[in-house]
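Please open the structure in your viewer and keep the selection tool at hand. We will go from stop to stop, with a note on what to select each time.

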Amino acid sequence: MAEIHGLGSSMKRKEDARFIQGKGNYIDDHKLPGMLWLDIVRSPYAHAKIKSIDTSKAAKIPGVLGFITGKDLEKYNLHWMPTLAGDKQMVLPIDTVKYQSQEVVAVIATDRYTAADGVAAVEVEYEPLPVVVDPHKALEPGATKVRDDKESNRIWHWEVGDQDGTEAVFKNAATVVKEKIYIPRIHVASMETCGCLADWDGVNKQLTFYVTSQAPHIYRTVLALVAGHVGLSEENIRVVSPDLGGGFGGKVPVYPGYVLAVAASVLLGHPIKWIEDRSENLAADSFARDYHINAELAADKDGHIIGMRMDTVADHGYSDAQAAPSKFPAGMFHIATGSYDFQKAFMKVDGVYTNKPPGGVAYRCSFRVTEAVHAIERMVDIMAHERGEDPAEFRMKNFIKAEQFPYMSALGWEYDSGDYHKALKLAMDMVGYADLRKEQAEKRARGELMGIGISSFTEIVGAGPAHQFDIIGLKMFDSCEIRVHPTGKAVARFGTKSQGQGHETTYAQIIAQELGIPAEYIKIEEGDTDTAPYGLGTYASRSTPTAGAAAAVAARKLRDKARKIAAHLLECAEEDLVWDADRFHVKGSPTKVKTIQELVFAAYTNYPADMEGGFEATHYYNPPNLTYPFGSYICVVDIDRGTGQVTTRRFVAVDDCGTRINPMIVEGQIHGGLTQGFAPAMMEEMQYDADGNLYGGTFMDYMVPTAVESPKWEVGETVTPSPHHPIGAKGVGESPTVGAPPAFANAVVDALWHLGVRHVDIPITAPKVYALLKKHGAALEE
Ligand code: CDP
């Protein structure tokens, strides 16, 4: 008999059988008869007028079959499309380009290489225009306007909190600390770039659209909304999101290349494939972060935090193309009061247009929670140092206490559960905190630089309660449909879409736990809008809190049905039945038993007369609240005074994501997430020159860490279940990416504080640190 593998089982990932044998089914594995290729001419300028487009030379290349320009699309009113943040974005420009690498002309050819030759032969004449790269300058009076259709470069202004109350506590504070914190633009750089294959069947007016999407149902609806007027009707659109080689938020937005492939398929009557190359992905697709934060923290004479203020400029590029919930233009940035108990806070955020690629995606992050965590964890550390208090003790003193949950934060979030003291205590024990502080003091006396950095973060995941969260009006619930076949084997379908997180395993485990059907006999399907129930997709660690909960509730509906059938077969009252892992027995008569397999078979062969046959259930889960995972990370670094090189000696990560469905998968998520927290902390940044030219357009200069650079992770856990989630689980995928960067930054500043260094912006590269050492007279020079 197969094992059930319910909650807490580290069963091996079911999907890995195909992944490790090279049998994954990615977008570029899809090939259709008559398929043609699309490639894109992109702008070398960040802002320029298009004077002319000449395709005559390209058209002469054998195999080049056609072109699409903005003017072609304009005829169908398809040259602009809506973004998921309620703004709009060009599919192709008519007369002006707004960022470097913007799509200008689509070329369609018989194969990928011919399409690329066609792109190289298209001649576009540009007239460069003034460029705005700095969002602060973009807000100055008289700044070049990025968008002709808008009054100014300010996209929106958003405020939250008690401004007067916060002013008052700052006036009475014993200590106030202020810092400018920049969280630079970075890129998700998933292993697989974006791509699609559009297949228009002109006879049946049916579009099958294979696409790298984390949210296939939203894509179907957006396609219907954008192109309904030219005959794309939602019942005739099938979006299929195949295996994805990572997404991390970068596969949530709809890109112009997708719309172009659909348009080309409709125009030419052939399936059209478009696959981005690496440089296109880095240069043109959605970026993440790019927040300029002015943060202030106030404490009373005993070192209790009493207030926080933040004033932020958010650079969105030329269009607000983030996938933000519509009520919160700065996402969950107002979780920035973090893990600390104080009641006065106020923040304002201005979204700004610049001549850079559009976006602001939630890169392994719940809509700006990374920015919030970085800001508060840096500020708390600065405050502790400023007051001469130990950063761990300072946190312990200011944490929300376990008995205060559910806790209402100053900026309006109700934290579901937590025990912050326990997590930090465990991290301190694991790392040997007291000994490390002694060692640091000894080293400092010898002139050596060693730092210990803490990050005690609170996350906010699982969007969301439908009354608070929607994307372009679509409420953010998620779904599960379970069909159990007569022999007791099941298929379950979801509105989410795994990009490597292991949903095929963990969702099966949730259903296995509730129904007793072994997880290996439960096939999980996601990503095909023709078969899966509607859902808002996978990003922002929302799958477990939403669709995972839907799986538990749908399975419980089936267990209720199984109980009725058991009562019928065992001729007893339903109340007399006891559930035990995979069977019901009659109370007091352990031999009067019906297993789940027998009960499912009976659902097709011998069920009560007043019951519907079959064994299927669906649930659309609207979470009553978000879940609030948390953790405490401690990073230990040594700094070379001769080079500025920072070496991570230890990194201890204690995470609490409530009930762990599959501890092995959770650990894998944490290892990967920590590496994606290390990356922006120490290496990655997308930089632009004053003309809007991207410096890091390839992996030669956009520094993604490999196993060689990545520190060794030491992980620990506490378990504080979510009180409102059916199985007590919280999301986990993004916690480490969110929590890790300030631990690195705090460690580096901790090593340098005595020299007079208060802050260093990420990425903390060796040249940056060496410059600081020089400035403060601590560099070893030849
Ligand atoms: O939305 P996404 O799948 O990216 O994030 P998640 O809900 O945090 O889940 C990431 C992976 O970890 C999934 O396979 C989850 O089922 C698994 N997980 C778990 O085993 N236990 C938890 N408490 C949370 C997530």
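Start by selecting serine 213, in the loop between strand E12 (206-211) and helix H7 (216-227). Helices (H or I, at least four residues) and strands (E, at least two) are DSSP runs, numbered from the N terminus. This is a predicted model, where local features need pLDDT of at least 70 and side-chain atom pairs count only at pLDDT 80 or more, while totals for chains, interfaces and linings use all residues. Residues are numbered from 1 along each chain as its sequence is written, and side-chain values use heavy atoms, with hydrogens and water left out.

Is serine 213 buried or exposed? Serine 213 has a relative accessible area of 0%, so it counts as buried (buried is under 20%, exposed over 50%, partly exposed in between, with a 1.4 Å probe and protein chains only). Now show its contacts, meaning heavy atoms within 4.5 Å. Leaving aside neighbours within four places in sequence, serine 213 touches Tyr219, Ser241, Leu244, Lys251 and Lys497.

Next, select asparagine 153, in the loop between helix H5 (135-138) and strand E9 (154-161). Asparagine 153 is buried because its relative accessible area is 4%. Beyond its neighbours within four places in sequence, its contacts include Ala138, Lys145, Gly351 and Tyr353.

Now move to the ligand. Which residues are closest to the ligand? They are His503, Thr506, Thr544, Thr659 and Val732, out of 23 that surround it (a heavy atom within 4 Å).

- from a ligand oxygen to a side-chain N or O atom of threonine 506, 2.7 Å;
- from a ligand nitrogen to a polar backbone atom of isoleucine 661, 3.1 Å;
- from a ligand nitrogen to a backbone N or O atom of lysine 730, 3.1 Å.

The protein covers 98% of the 520 Å² of accessible area that the ligand has on its own (Shrake-Rupley method, 1.4 Å probe; for residues, only the protein chains shown count as cover). Colour helix H14 (503-515), helix H15 (544-570) and helix H17 (663-682), the elements that give two or more residues to the shell around the ligand. H17 gives the most, with 3 residues.

Finish at tyrosine 76, in the loop between helix H3 (70-74) and strand E4 (80-82). Tyrosine 76 counts as partly exposed because its relative accessibility is 40%.

Methods
A polar contact is a pair of N or O atoms within 3.5 Å; within protein, one must be able to donate a hydrogen and the other to accept it, and residues adjacent in sequence count only if both atoms are side-chain atoms.
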